[in-house]
Protein chains: 2
Amino acid sequence: MNIKEVAARAKVSTATISRTINQSESVDPKTAQRVWRAIRELNYYPSSQARALVSGRSRMLGLIISDISNPFFPELVKSFDDAAIENGYEVVVSNTDYKSDRMSLCVRRMIERNVDGVAIMTSEIDSHLVEELSRRRLPMVFLDLGKLKPFVSNILVDYSKGIEEAVRHLVGLGHQKIGFISGPLNLKSAHTRRAAFLHGLQSCGLSRRQYMEVEGNHRVDGGDVAMRGLLAYPDRPTAVLTSNDLTAIGALRAITTAGLSAPHDISLIGFDDIELSQYTQPPLTTVRLSREELGRKAFDALFRSVEGLTKSGQEIGVSTTLVLRQSTGPAPTAKASRRAKARTR
Amino acid sequence: MNIKEVAARAKVSTATISRTINQSESVDPKTAQRVWRAIRELNYYPSSQARALVSGRSRMLGLIISDISNPFFPELVKSFDDAAIENGYEVVVSNTDYKSDRMSLCVRRMIERNVDGVAIMTSEIDSHLVEELSRRRLPMVFLDLGKLKPFVSNILVDYSKGIEEAVRHLVGLGHQKIGFISGPLNLKSAHTRRAAFLHGLQSCGLSRRQYMEVEGNHRVDGGDVAMRGLLAYPDRPTAVLTSNDLTAIGALRAITTAGLSAPHDISLIGFDDIELSQYTQPPLTTVRLSREELGRKAFDALFRSVEGLTKSGQEIGVSTTLVLRQSTGPAPTAKASRRAKARTR
DNA sequence: AGGTGCAATGTAATCGATTACATAAAAGAC
DNA sequence: GTCTTTTATGTAATCGATTACATTGCACCT
């Protein structure tokens, strides 16, 4: 079922078939009709491999993520993929599993498969590998990486905006002692979020003395453990921000398990706004980072590079916003707070 | 950076390069060493398109799912993908978005990309399209589809086992009136689950009179609405099973909102055991259908067909098991039940 | 009628690998 | 030393498309 068979059936040369399919130039309408009929009758689909080989463009894009079963990523993948399909591209997704050594496998596969561009949405980046891609002039998009180069774009997330809104919200509710559960601090993205939090505190006039911090792991269990840690402080915070929603969900569990309740005894704010956050008990106030937007913008940037619309790398901004739900409330009065503390002993 | 450049650098012909890479036949160890050095020095990766073209095998497998942002799928994708990578295959994932017309796009893309086999893990199947794939002798794997053919395997989920365990568990706790929140009944998979539930009731000696059923949509909002519906019954159930976990999470919310609590006033059992179910409040008792197993078995079946190890289609079983957590408990006594009902008014 | 121009189609090279077949060189047989 | 066998390597066809260039044929002009 190749182009020759179609050519034979339509009684024309393969060149005419190709021209008809690609709507190019001058093909007699009558011939075109014959060709289309032959195509339909034979259920012919042109082989994209052969096309890729001769054109030098595979119309495939790589998308490298950490782990598809981390709820942060599916939506990102989906919107990237949707945008790609709309524009006639295919997407090859690859997981690093958070390990930088698996990253080299991913890159290798991308090169072998001849993708036209790669979106690297993880932090496990090996500059060595990036150079390899760069040398091949493969357009790339990164998430939160500093340097722009020709063919290398960057999506810059404005963590500060949303986090500052969150801190202001808490301060407005009377909270003075605010805790933070970070992500694993060997991760760059976790660092960036933490920095944005500290910055937010400062710009709200809260000194660093008044906050306490525990390291989580961006997963539910880590949030649980970390929150227990915070609750054990003699002078525990009345509000807690977390580095992502899964952590907040774990924290919520620790709060409930300790016989306390959010937002009555302690206010809680997550980060990301994964779908699930609407369905926790209580629904989680969180800082939204739109993965839909992330995916689409990543594709757009790549698309522009791949199609040669921009040769130089671009910087694309993505914002964050506070989403108010029911896990935050007024700071407990000193008396109420003492009572609650007694209860947990 | 093609095979010719490598050949030039290693001062041999392209044939020798190819032979060296493919470990085939007799290549002088010294020559091989020279070749490998050239490959390393040039950072050469063979183009899989060219390879595919000449070999007729792309070493890519298609995986068609409904929607990657439905938490049922990511784990399935992950394990399928992991298994594929391990065996040197690439995976192309495609979403139907629950629409059968998008299915034809998926199939078209699979054919164009020349995949060596397709796993179709959705219910939106168009027999017309399947035939198209069948005609091309493309190995396929389906989920819960009846008919085996040459090159067509089928994964058969034993819903009954887990669901029967669930019903027995409830009956053992003294529940007599058991409700069911189904999935959207135009979906085949929703039907199958419902049928398994009815069957479970029967085999526990409960008549169909003693249960009530509401239709959900396999999403959280549907579970919420459906549970409100069940709670409004004058003679409401003391335990409820749901067609998937998202539905159960919605139901849980409705229960809490109504001022009731699980498992004290009402016991709740989900289906699927998505990761989240461990983290609800209370953690959800649910029937586990292992997506990890599903993904791996789908790959294995496909792999065997693709590699020509089996010509005929196979039937692969996947089981389900009850996972006990804290959303189920003893049926409330009549008095307690009356009191709770009063509270909700 | 003969020449010019353009539209429609065909011929064949090309992309980057694999592989059947050919050939050269080395080893072994006698 | 010649002939056969074996081993290592090279030559060129091939996969299925695209496309530069060549060719055909018809319309139009003078």
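Which residue stands opposite A:Leu241 in β9(A)? The answer is given in point 3, after some remarks on the model.

1. The model is predicted: local features need pLDDT of at least 70, side-chain atom pairs count only at pLDDT 80 or more, and totals for chains, interfaces and linings use all residues. Residues are numbered from 1 along each chain as its sequence is written, while chains are lettered from A and ligands numbered from 1 in the order in which they are written.

2. Chain A holds an open sheet of 11 strands with mixed pairing, in the order β2-β1-β3-β4-β5-β11-β10-β9-β8-β6-β7. Strands (E, at least two residues) and helices (H or I, at least four) are DSSP runs numbered from the N terminus, and two strands pair if DSSP finds at least two bridges between them. β2 (90-95) and β7 (211-215) of chain A each have a single partner strand and stand at the edges, so one side of each lacks a neighbour in the sheet. On average, neighbouring strands of this sheet are turned by 15° against each other, direction ignored; axes are lines fitted to C-alpha atoms, for helices over the stretch in contact, and angles run from 0 to 180 degrees between N-to-C directions.

3. Strands β8 (residues 239-242) and β9 (residues 267-272) of chain A run parallel and are joined by three bridges. Here A:Ile269 in β9(A) is the residue opposite A:Leu241. Helix α9 (residues 188-203) of chain A packs on the sheet and touches β6 (178-182), β7, β8 and β9 of chain A; contact requires C-beta atoms, placed from the backbone, within 7 Å. The direction of this helix makes about 170° with that of β6(A).

4. In chain B, the buried residues of α9(B) include B:Arg193, B:Arg194, B:Phe197 and B:Leu201. A residue is buried if 20 or more other C-beta atoms, placed from the backbone, lie within 10 Å of its own, exposed if 12 or fewer, and partly exposed in between. Seen down the helix axis, the buried residues of α9(B) fall within an arc of 160°, so they line one face; the arc is that of the directions from the axis to the C-beta atoms. Just after α9(B), B:Gly205 takes a positive phi of about 80°.

5. Chain B is superposed on chain A by a rotation of 180° with 0.0 Å of shift along its axis (RMSD 0.1 Å), by least squares on the C-alpha atoms of residues with pLDDT of at least 70 in both. The two copies are thus related as by a two-fold rotation axis. The C-alpha of B:Gln49 is the nearest to the axis in chain B, 2.6 Å from it.

Conventions
Contact = placed C-beta atoms within 7 Å.
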